[in-house]
Amino acid sequence: MSTRIGFLKGHGTENDFVIVPDPDNVIDLPPAAVAALCDRRAGIGGDGLLHVVRSAAHPEAEEMAAEAEWFMDYRNGDGSVAEMCGNGVRVFARYLQRAGYAGEGDLAVATRGGVKTVHIAKDGDITVGMGKARLPEGEVTVSVGERSWPALNVNMGNPHAVAFVDDLAHAGSLHSPPPFSPAGTYPDGVNVEFVVDRGPRRVALRVHERGAGETRSCGTGACAVAVAAARRDGADPAVTGTPATYTVDVPGGTLVITERPDGEIEMTGPAVIVAAGEIDAEWLESAAR
């Protein structure tokens with residue numbers, strides 16, 4: 001390992017990430033190292049980490065290499081591995097554009113949730129094809145203190161529980177995972193979204209992301225919320241034959257989510273690279289112990 005490791009910092013609607021370019025997959029990033037890098041006081045700080053690797057160089061992505069040159073090896077802020085991160089994909093694509101690996105137009109990105117199609121627009125926004133939502137059967141309840149709400153179980157490649165509430169303050173601090181039941185519904189944890197209405201086809205959310213706590217935004221969460229709202233509103237595109245578009249306000253900005261009649265979901269929003277620098281390899285090795 002070299003004595004200095006390059007990194008960048010970026011965010012999508014203030015969901016922020018440490019970006020570690022590593023095309024040949026030679027940098028060791030155990031969970032403790034990732035958590036140290038994402039620490040906001042002792043590290044660089046971020047809700048998660050984007051490890052940028054060529055698909056052919058990563059054992060979890062090599063089968064996708066023919067479809068997508070680049071693999072987003074995404075980690076939560078606590079070092080745990082996650083299947084997908086919608087805001088992360090946009091920031092990942094922005095990095096590839098900045099580094100000269102991609103230009104305006106279409107791009108494919110491999111993730112643990114499958115290959116995602118990305119479009120980098122001239123106006124700067126990035127649209128990500130998020131795939132189709134799955135709605136596992138069974139009732140789910142989420143709780144905060146003495147309050148509890150029914151929640152829709154939505155899987156966007158990662159699990160979500162979406163609860164509609166009267167006031168976003170009812171979600172509490174969201175530093176700790178909100179309890180849910182039945183207890184076995186999410187064996188690997190769940191992202192929980194609390195949602196209020198803001199107007200026709202417009203909602204706002206707060207979210208607890210598993211492994212990160214409350215974040216300023218969650219792309220897959222915004223998609224899950226739009227899916228849940230469409231079902232609640234009788235606007236399921238598979239039933240109506242008409243795309244359903246929702247504007248989703250998150251604490252860090254705004255995302256636009258469209259679900260088509262074939263079930264495919266697109267998310268559009270900003271992505272910004274704010275800094276670049278170097279990590280001291282000796283510090284990282286020490287932090288990983």
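Where is Gly46 found? This legend set for a predicted model picks up that question in the second view, after a look at the whole chain.

**View 1**
Start zoomed out. The C-alpha trace spans about 55 × 40 × 30 Å along its principal axes. A compact globule of 289 residues would have a radius of gyration near 19 Å, and the protein chain, at 18 Å, agrees with that. Some 51% of the 289 residues count as buried. Take the contacts between residues at least 6 apart in sequence: 62% of them join residues at least 24 apart.

**View 2. Gly46, in the loop between helix 1 (31-38) and strand 3 (48-54).**
Gly46 counts as buried because its relative accessible area is 7%, under the 20% cut-off. Leaving out neighbours within four places in sequence, Gly46 is in contact with Lys9, Asp16, Cys38, Arg40 and Gly77. Asp78 is 32 residues away from Gly46 along the chain, yet their C-alpha atoms are separated by 10.0 Å.

**View 3. The buried residues of helix 1: Ala33, Val34, Ala36, Leu37 and Cys38.**
What covers these residues? The cover includes strand 2 (15-21), strand 3, strand 4 (70-76), strand 18 (272-280) and helix 5 (281-287). One of the buried residues, Cys38, turns up again from the previous view, where Cys38 is among the contacts of Gly46.

**View 4. Asp39, in the loop between helix 1 and strand 3.**
Buried or partly exposed? Asp39 has a relative accessible area of 32%, so this residue is partly exposed. The Asp39 side chain reaches the backbone nitrogen of Arg41 at 2.7 Å. Not counting residues up to four places away in sequence, Asp39 touches Ile44 and Gly45. Arg94 is another matter: Asp39 and Arg94 are 55 residues apart in sequence and, C-alpha to C-alpha, 23 Å apart in space.

**View 5. Arg210, in the loop between strand 13 (202-209) and strand 14 (213-215).**
Why does Arg210 count as buried? Because its relative accessibility is 14%, and the cut-off for buried is under 20%. Look for the side chain of Arg210 here: one of its polar atoms lies 3.1 Å from the backbone oxygen of Asp188. Setting aside neighbours within four places in sequence, Arg210 is in contact with Asp188, Gly189, Val190 and Asn191, as well as Asn76, Glu83, Asn158 and Pro159.

**View 6. Thr220, in helix 3 (residues 219-232).**
With a relative accessible area of 1%, Thr220 is buried. Which side chains does the side chain of Thr220 meet in polar contacts? One is Asn158, at 3.2 Å, and another is His160, at 3.1 Å. Beyond neighbours within four places in sequence, Thr220 is in contact with Met84, Cys85, Gly86, Met130 and Met156, along with Asn158 and His160. Asn158 links this view to the previous one: Asn158 is in contact with Arg210 and also with Thr220.

How values were computed: Residues numbered from 1 in each chain as written. Predicted model: local features only at pLDDT ≥ 70, side-chain atom pairs only at ≥ 80, totals over all residues. Heavy atoms only, no water. Rg over C-alpha atoms; globule rule 2.2 N^0.38 Å. Buried < 20%, exposed > 50% of the residue type's maximum accessible area, 1.4 Å probe, protein only. Contact = heavy atoms within 4.5 Å. Helix = DSSP H or I, 4+ residues; strand = E, 2+ residues; numbered from the N terminus. Polar contact = N/O pair within 3.5 Å; in protein donor to acceptor, adjacent residues only side chain to side chain.
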